Every structure is written in structure tokens, then in C-alpha cells.
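Here is a short briefing on one protein model. Keep the sequence and the 3D view open as you read.

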Amino acid sequence: AADRIVAHKFQFVGCPPFNVGPEIKWNEDPFDYEQWAIALNRHSHWLALGAAYAGTKDEKYAREFVAQLRSWLAAMPVHLGAHWVEGPFDDAGKASLSLDAGIRMGQTWFPAFCYFLQSPSFTDGDLAAMLQSFRDHALYLMDPQHFKAGSNWGAMEANGLLHIGCMLPEFREAATWRDTALKRLHSELDNQVYPDGAQMELTPGYHGVTLGNMLGAVEVARRRGVQLPGDFETKLERMFD
């Protein structure tokens, strides 16, 4: 899987594999299906690169990660289809994919960061650029307009913000990011979860999305010694029931 990614052959959202060529255009839409481009910008494929690097220490995987990171940062903001703008940015007339900022921060960027942190291919300049983008994402997710209360988007956005605050305590604003994210997540356990534990969108898939992001928040808080609100886990148990 990692070798296919190095060759820029991607497969997302049920579409066949597609080779994008030597240079990734981050608004690629080879199947006229904007969800393909959205999936590309969530960077789940970086986890395969990281796992391959951890198992082999072959620098080709680290070099590919760094090249994609730099390419993506240079491309921001990325416009997808007629409606969407991707990244920790807003743009007039476009709808912000704030859930994707949450997914990158809560699910893909920190594992990739840890996989490649000690690689000689990941230079001090690359480290600084990625840290700057972590902060850009935090400021973006802190903005109330990028928190969609009452939906699975809100769970992803708040989980991403919590990860930045927990994983990068060196930032002066980290405690504020953590506190805000925990307040939002705690409120969502009542705001988008019915008393019987069902997520309000009433589909197993989105129930799982919200539940998974709440569990991600519990895990990162435990690992970093961050105190959860007292009834957080009790309320979360309703969703399992």
C-alpha cells in the first residue's frame, strides 16, 4: 500500500485506483466525485507511509511524506468543486470543510508526525512548517463558526482541537484549546445524543463517527493526563448501550 502511495496511485471512497502522476494536485477530481478529492485531503494514506517506514526505515517513505506535506502546505487553500474550500482557511463564497481539519488533527497528522519525527528526511525546516500548520489548524478550529454543534462534524472538529491542545502543550494557547475542546465535546454528549444513547442523525454510520471521535478524545486525554469532565465517560456509555 505504501509503495502505491509513493507511486501516487490512490484509491478512495469506492473508486478504482488512480495514478495522479508525478505532481499531486490537491484538488484532483478524476472521477467527477468531490468526495474523492475530500478523502485525498484528509491524508489517511500518510498512515500507510508511516507504518511502512516504522517497519523498514526506508527513507523513500519519509521523503514521500515530506514532499506531500510541503506540497499540501504550499497549495493551501485548496478549492474543491463548486462549493468547498479545504484547509485551515476560509474563502468568500466557499463552504469550509471544517470537519476535515478535525479529521487531520484528530486522526492522521499526529500519527504521521510521530512516525517521521526522527527521520533524517524530516528536517528542522519541515518540523517548523508542520508545527506552524498545527497552530493554524488550532486557530481555525477555535473559531466558533468552525464548530458545527449538533452533528457529527462538531465531534470531529472538537476532537481535532483537543488533540492539538493535548499533544502540543508547548504552545502558549494549548490550555485554552484543550478547555474549549472538552467543553464542546461534553456539551455534544447531550446536544447530539438522545437520552437513550442514539446519535441524533439516527444512522449507524454517523453514530459510529461521533462515538469514535468521543473515544479518540478519551484516549488522548488519558494519555496526556488531562482531566475529563466528571460524567463524560458515563454519558458516553449510553452510546455503547
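The points below go from the whole chain to single residues.

This is a predicted model: local features need pLDDT of at least 70, side-chain atom pairs count only at pLDDT 80 or more, and totals for chains, interfaces and linings use all residues. Residues are numbered from 1 along each chain as its sequence is written, and side-chain values use heavy atoms, with hydrogens and water left out.

**Overall build**

- The protein has ten helices and five strands. Both are DSSP runs, numbered from the N terminus: helices are H or I with at least four residues, strands are E with at least two.
- The C-alpha trace spans about 50 × 40 × 35 Å along its principal axes.
- The radius of gyration is 18 Å, which agrees with the value near 18 Å for a compact globule of 241 residues. This radius is taken over C-alpha atoms, and the globule rule is 2.2 Å times the number of residues to the power 0.38.
- Of the 241 residues, 49% are buried. Buried means under 20% relative accessible area, exposed means over 50%, and partly exposed is in between (1.4 Å probe, protein chains only).
- Among contacts with a separation of 6 or more, 63% join residues 24 or more positions apart. A contact means heavy atoms within 4.5 Å.
- The protein exposes about 11100 Å², and carbon and sulfur atoms supply 54% of that area. Accessible areas come from the Shrake-Rupley method with a 1.4 Å probe; for residues, only the protein chains shown count as cover.

**The sheet**

- Three strands form an open sheet in the order E3-E4-E5, with mixed pairing. E3 (78–80) and E5 (95–96) stand at the edges with a single partner strand each, so one side of each has no neighbour in the sheet.
- Two strands count as paired if DSSP finds at least two bridges between them. Strands of a sheet pair through backbone hydrogen bonds, either parallel or antiparallel.
- E3 and E4 (residues 84–86) run antiparallel and are joined by three bridges. Val78 stands opposite Glu86 in E4.

**Backbone details in loops**

- A cis peptide bond joins Met76 and Pro77, with omega about -10°. Pro77 lies in the loop between helix H4 (59–75) and E3.
- Val13 is not glycine, yet its phi is positive, near 40°. Val13 sits in the loop between strand E1 (9–10) and strand E2 (18–19). Its relative accessible area is 43%, so Val13 is partly exposed.
- Lys57 also has a positive phi, near 60°. Its loop runs between helix H3 (45–56) and H4. At 52% relative accessibility, Lys57 counts as exposed.

**Salt bridges**

- The whole structure holds eleven salt bridges. Each is a side-chain nitrogen of Lys or Arg within 4 Å of a carboxyl oxygen of Asp or Glu. Side chains of opposite charge can pair when their charged atoms come close.
- Asp100 and Arg42 meet in a salt bridge (2.6 Å, N to O). Asp100 lies in helix H5 (residues 98–116) and Arg42 in the loop between helix H2 (34–40) and H3, so the pair ties together parts 58 residues apart in sequence. Asp100 is buried at 0% relative accessibility, whereas Arg42 is partly exposed at 24%.
- Lys148 forms a salt bridge with Glu157, with the closest N and O atoms 3.8 Å apart. Lys148 is partly exposed at 28% relative accessibility.
- Glu157 is in helix H7 (residues 152–167) and is buried at 2% relative accessibility. Leaving aside neighbours within four places in sequence, its contacts include Ser98, Leu99, Gly102 and His146.
- Lys235 and Asp190 also meet in a salt bridge (2.6 Å, N to O). Lys235 in helix H10 (residues 232–240) and Asp190 in helix H8 are 45 residues apart, so to speak a link between distant parts of the chain. Salt bridges that share partners join Asp190, Asp231, Lys235 and Arg238 into one network.

**A surface patch**

- Tyr194, Met200 and Leu202 form a nonpolar patch on the surface, with about 300 Å² of accessible area together.
- Patches are made of residues with over 30% relative accessible area and no salt bridge: like charges are joined within 9 Å, nonpolar side chains (Val, Leu, Ile, Met, Phe, Trp, Tyr) within 5 Å.
- Tyr194 is in the loop between helix H8 (174–191) and helix H9 (204–224). Tyr194 is partly exposed at 40% relative accessibility.
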